Protein chains: 2
Amino acid sequence: MSDLIDPARSEVSDEELALIDRYWRAANYLSVGQIYLLGNPLLREPLKAEHVKPRLLGHWGTTPGLNFVYAHLNRIINARDAEVLYVCGPGHGGPGMVANTWLEGTYSEIYPEISDDAEGMKKLFRQFSFPGGIPSHAAPETPGSIHEGGELGYALVHAFGAAFDNPDLIVACVVGDGEAETGPLAASWHSNKFLNPVRDGAVLPILHLNGYKIANPTVLARISDEELTDLFSGYGYAPILVEGEDPARMHRRMAHALDEAFDEIAAIRAEHRAGRAAGRPRWPMIILRSPKGWTGPKEVDGKKVEGFWRAHQVPVSNARGDESHRRILEDWMRSYRPQDLFDADGRLVPELAALAPRGERRMGAVPHANGGRLRQELQQPAIEAHAVDVRLFGPDETASNRLDAVFGTTGRAWMEEIEPYDVSLARDGRVMEILSEHLCQGWLEGYLLTGRHGFFSCYEAFIHIVDSMFNQHAKWLKVTRQLKWRAPVSSLNYLLTSHVWRQDHNGFSHQDPGFVDHVANKKADVVRIYFPPDANSLLCVADHCLATYDRINVIVAGKQPSPQWLAMEDAKAHCEAGAGIWDWAGTAGHGEEPDVVLACAGDVPTLEAVAAAGLLRELLPEVKTRLVNVVDLMTLQAPEHHPHGLADDRFDALFTTDKPVVFAYHGYPMLIHRLTYKRTNHRNIHVRGYQEEGTTTTPFDMVVMNELDRFHLALEAINRLPDQGEAGEAAVAELRRRLAEHRTYICEHGEDLPEIRNWSWPYGSAARAGD
Amino acid sequence: MSDLIDPARSEVSDEELALIDRYWRAANYLSVGQIYLLGNPLLREPLKAEHVKPRLLGHWGTTPGLNFVYAHLNRIINARDAEVLYVCGPGHGGPGMVANTWLEGTYSEIYPEISDDAEGMKKLFRQFSFPGGIPSHAAPETPGSIHEGGELGYALVHAFGAAFDNPDLIVACVVGDGEAETGPLAASWHSNKFLNPVRDGAVLPILHLNGYKIANPTVLARISDEELTDLFSGYGYAPILVEGEDPARMHRRMAHALDEAFDEIAAIRAEHRAGRAAGRPRWPMIILRSPKGWTGPKEVDGKKVEGFWRAHQVPVSNARGDESHRRILEDWMRSYRPQDLFDADGRLVPELAALAPRGERRMGAVPHANGGRLRQELQQPAIEAHAVDVRLFGPDETASNRLDAVFGTTGRAWMEEIEPYDVSLARDGRVMEILSEHLCQGWLEGYLLTGRHGFFSCYEAFIHIVDSMFNQHAKWLKVTRQLKWRAPVSSLNYLLTSHVWRQDHNGFSHQDPGFVDHVANKKADVVRIYFPPDANSLLCVADHCLATYDRINVIVAGKQPSPQWLAMEDAKAHCEAGAGIWDWAGTAGHGEEPDVVLACAGDVPTLEAVAAAGLLRELLPEVKTRLVNVVDLMTLQAPEHHPHGLADDRFDALFTTDKPVVFAYHGYPMLIHRLTYKRTNHRNIHVRGYQEEGTTTTPFDMVVMNELDRFHLALEAINRLPDQGEAGEAAVAELRRRLAEHRTYICEHGEDLPEIRNWSWPYGSAARAGD
């Protein structure tokens, strides 16, 4: 990785670079102003204490580099009429993104109260990290952003997600060298193996080595240039180095580097789209090595700041209270020469304003960054429509999760060599499989936020790997739902299959149903959780989820063949209600008050609860049982806590106000208590679920180990009923006998009893499909 | 990366390699037997249906490669008297690890019922993935394992954690090419920047390219050799390639590669320990490219199996029911020639048994893999003792979390260049900082499981990044606690600071208190959650946690200066009780029944609850208030659910049986409901906590946004009390006025009201420290 650029090659003139430098200074000036100033935005009078905010919050260190990249991207967008989306990995550098979108005019268009003059500038400064104002990061509020960057690690994977199926787009993605140390980012570089230059856009990674994290050097900034080159060549990129401190030289280098990178991208597109090349090209990337806190104070209180981690947040900490600090701040801001940048009204001078792209070419206004504007309604269920802009994401589990019928429609995306014996690999495959939940999640987020549709199927236990990414996406949606200018985007849909009850061959490490507990903590507007009990219900739920927007829907449904309980029309009605009584399964008549309620949520618990109802009918026919199935878990919650929460009278109509309820639940029992604690009959709800017991054993033994099986459920029901006398005692003895028989059989034979394996509901009912 | 090995260099003879091949065949035979057989273990009669398990569960694909590595490591351990720990990344290949530890004798020593003869072999086969038997992965039950490998991604980081401060140890770490696609693994390669060859052991990564995941090729197996070499050179390693299919040639190559790698490790150690070299050496690694399902069936049902992903799990699926399948299985097993490997009693023949290392050199018996055997009690609080074998792990946040006093004792580990202006970097630093929670967690797990002590400090929101790693560690501990031969290891201690209430400068993305909800789902034996309300309590809690073992302790405590409520003696008593009444804060006398209980857990909620108690005392002096502080969250849970759960009478003595309780809680309110739903007074418990509202704003505005502030708490208390008449109305009006005043002030000034910032408890009390 040498400085390969021939200075003679570029057409950019010294005059143009001088203008770019002024534009950059304007962005830097506005960034510092946001962090520090309450008043006197143009420094038209000496800086006084009252002009400085009492609380100084923000991240300066990364900002000048982000501004530098932004200014140069503006140039090349204009030069080539390019469509560029800016993904800002170091989202902490929010002031820079805000500054640039203000300079180009998008900010004032979206937020007219922040006008493009001195008054607007004053408000722009004041609102930053100020109560009632805007956050310090490149947040949903920031025009042009699809990436918050508060939790580091996901910039590059978002960039690739945005580039998929956007053939004209170039996603410029700044990756900070701190972020580059995270696991998700380290794996994200391999996304190039899944990007097809014919149908997908390009990602131009810009690795920004400013050398430091909060308080440490970064790994990549301190390894040798040779290792650095090897590493990114090994990842499959052609790195271009831009390194230095002197702005004038750096402007020329950066302009050349972008010319080279855009040339190369254009050449790759041309070759591949003309059919003259196939396979994975060697995409360009830029390694930008510049000082942290570039152009900021060199020293404060005798300690090195520029080019060191002390520049990370607020380099001059007491500018309000300490005059010498205030002097440093004022000198720093004046070093950008605001009088050369802004006119008498505080507007950017025309020759600089002319540097920004126009209309939707502005990176703050590019429609992909407000993907709902591009989003088309998904045509359901016409499969042909899916061929346009839907992708399926999963960590090498599509077949393992028994979704391989999809390969009849499309293959797995794969840009490396394809061997003759490979199965369902295709350069234009729409199933994205890599053994990284992080990459699946991140690609999908980037894809959805730029206005498309997609789906993530995953083992239930391992979706916890992206707990934190889920958090960030839920937070993003919570805020965007409050921003009218953000058009709605498709919901992020999870299908969690290969779930806790069917990990026969993998055992304990693969058993964790707790993702939904995590989900239930997020804002009720944003999250939905579904447990379809059978295939028809799954179809109804999935159909619904795919049509929603700005939400996160979690569907938990096993992949194993299992009973079909409901005809399609019944399934539709049941799923719309979210929860309901299955009269055919109980012995209480329609509308009749039961002695005991057997409730269930989840496919396996439903099977066991229905079987338990059968056992009670067989052994204690006088007892009036009712079976309640819950599809939409949020119906359980109080209506003031969740919009899907059933009104109390409807809840009571299902669960009674005073009868025992034995609730067979798919996951950790506490979630049911947490959701129902406000309900009238809560004290009588007895939940059975996963007790964190399991290993590689038979399916039925798994439910027995957790006391969720039909025998334990029936025993619990009897235990909670009023004394049933001798009949009750006989029933208990019989249930215990059968349970023991099971245990003996499986330990001897290594499989479940035939009557368990081949069980079906023995009492016919017109309400049931397939009868 | 060429095949650099000079065949003449190695001393290994053809005869020795032939013996190693037989040993490998024995391991492969035993692996297949575990997956398939119930009886006829030595194939002394033709294979019949009843000899085959009815449910075939396990992973064959990776196993022959794992066995190959094991056999060759045995050789080099003997040749050099080396101390080697085997970390098996593809832990799904459990049959291989079990087979090898049985061959070397450790298995039968630990599990005498699985004897080293034909009878033991039969049991060995039967128990695998069988009800009542052992799991299919390299689980806690497996001798020599510190790594389950069910959830992929953490092998290499565990290996480095094990190598830290173990100067004589070589950790051989097999990394599967599927696992290599995960984020955590992709970042783990950079762990070499933190390993000091003078004081730490060595990690020898063995990247096993067998080409396929469950149903896809792997990325690293399909990129060019040039990119592969570049990638690992870029990561800082010197790769040695071992590639092929022919066992005889592969044995020689592998023997040479290990000789070369061990030579290089020895040379690095000698140079660095003699002071002739410094900085980071270029450690060797091995890239082993061998067919998936090597030596297994080439084809089944006309489809390619060996060397393809169909070999991943059980290559011959119906060996019990289908005679042709059974024939394939029998031929396959006989291809290993068991009659040449086992004697008439089913024991490994002596010339092969002689190949295994002896005693603790056996990889199944190496004490580091049963770290509790090496663990020493931590000397507390004598700081000197910490210098021996304690490390602090964190993602570049030690200073940001205000723990930088530690740098007075030790530095941050850093093996790259150190610049003159760097701060607290040191080759022998004991603070491990990398911007990857995955690496911090994984290093610490490896460190603890090999018998040492450590500590993980992290931003509260971002600990969710390792939710799934936490899960796996909790599951590991749950199982190891049941295994008598596993000596206890130190607890994994989290300090979650920079918490939700003090994210002034980062805002919403940095606010998530839900990790403890996730923790609370795990087995009660394993997890503890503490919310120390002040510094003395934090000291007590930390002191306790550091002395515990086989647990995961979560301590949530902010980094900001805050009031000190309790003298040390009071703090000790309070923390031991886990929850208690602070008489001095309430107006109800000692032992007197209050009108209302103000409860709190967490430092910020405690501050607000105490202040609310003050407001009530000021505005409604007649109301008898009681303040209850909860340090140990698990005291709230029913005693049948958690060993720390208070007995009901003790709970009632704190919270009353019928008075309103306003509970100010640090996290999501639902957790308190979930923990207390069984308590007598639950219906009167009104919880306030984080409502998922926040941005970059002032500390007090954060609590106001979530209605957790003193004014809202006092208003809630009044609302829940019996009507207080005019005094009550006046109090409500006054509280609302002050609240509005706050909001006005901060929106204008950007900081909290001085009386909030400078607030202190206005009513003296002898019970309080510092008064």
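B:Asn40 is tucked away in this predicted model: its relative accessible area is 10%, so it counts as buried, the cut-off being under 20%. You'll find B:Asn40 in the loop between helix H1 (14-36) and H2 of chain B. Its phi is near 55°, a positive value in a residue other than glycine. Here's the background: most residues other than glycine have a negative phi.

**Other positive phi values in chain B**
- B:Asp550 also has a phi near 55°, again positive in a residue that isn't glycine.
- Look for B:Asp550 in the loop between helix H17 (535-547) and strand S15 (552-556) of chain B.
- With a relative accessible area of 7%, B:Asp550 is buried.

**Helix H6 of chain B**
- Is H6(B) enclosed or open? Nine of the nine residues of this helix (residues 155-163) are buried, so the rest of the structure largely encloses it.
- Among those buried residues are B:Leu156, B:Val157, B:His158 and B:Phe160.
- What do they pack against? On the strand side, the partners are S1 (83-88), S2 (169-176), S3 (202-209) and S4 (237-243) of chain B.
- Helices H7 (183-188) and H14 (437-449) of chain B pack against the buried residues of H6(B) too.

**Where H2 meets H10 in chain B**
- Two packed helices are described by the angle between their axes and the distance between the axes.
- For H2 (residues 63-80) and H10 (residues 247-273) of chain B, the axes come within 10 Å and cross at roughly 50°.
- That angle makes H2(B) oblique to H10(B).
- The crossing of H2(B) and H10(B) is right-handed.
- On the H2(B) side, the residues in contact include B:Phe68, B:Leu73 and B:Ile76, while H10(B) brings residues including B:Met254, B:Leu258 and B:Phe262.
- Sorted by type, the residues of the contact of H2(B) with H10(B) are nine nonpolar, two polar and four charged.

**Chain A as a whole**
- Chain A has 26 helices and 20 strands.
- Its C-alpha trace spans about 95 × 65 × 45 Å along the principal axes.
- How does chain A match up with a compact globule? For 771 residues, such a globule would have a radius of gyration near 28 Å, and the 30 Å of chain A agrees with that.
- Of the 771 residues in chain A, 70% are buried.
- Take the contacts in chain A with a separation of 6 or more: 77% of them come from residues 24 or more positions apart.

Methods
Residues numbered from 1 in each chain as written. Chains lettered and ligands numbered in written order. Predicted model: local features only at pLDDT ≥ 70, side-chain atom pairs only at ≥ 80, totals over all residues. Heavy atoms only, no water. Buried < 20%, exposed > 50% of the residue type's maximum accessible area, 1.4 Å probe, protein only. Helix = DSSP H or I, 4+ residues; strand = E, 2+ residues; numbered from the N terminus. Contact = heavy atoms within 4.5 Å. Axes fitted to C-alpha atoms, helices over the stretch in contact; angles between N-to-C directions. Parallel < 35°, antiparallel > 145°, perpendicular 65-115°, else oblique. Left-handed = near helix turned anticlockwise from the far one by under 90°. Nonpolar A, V, L, I, M, F, W, Y, C, P; charged D, E, K, R; others polar. Rg over C-alpha atoms; globule rule 2.2 N^0.38 Å.
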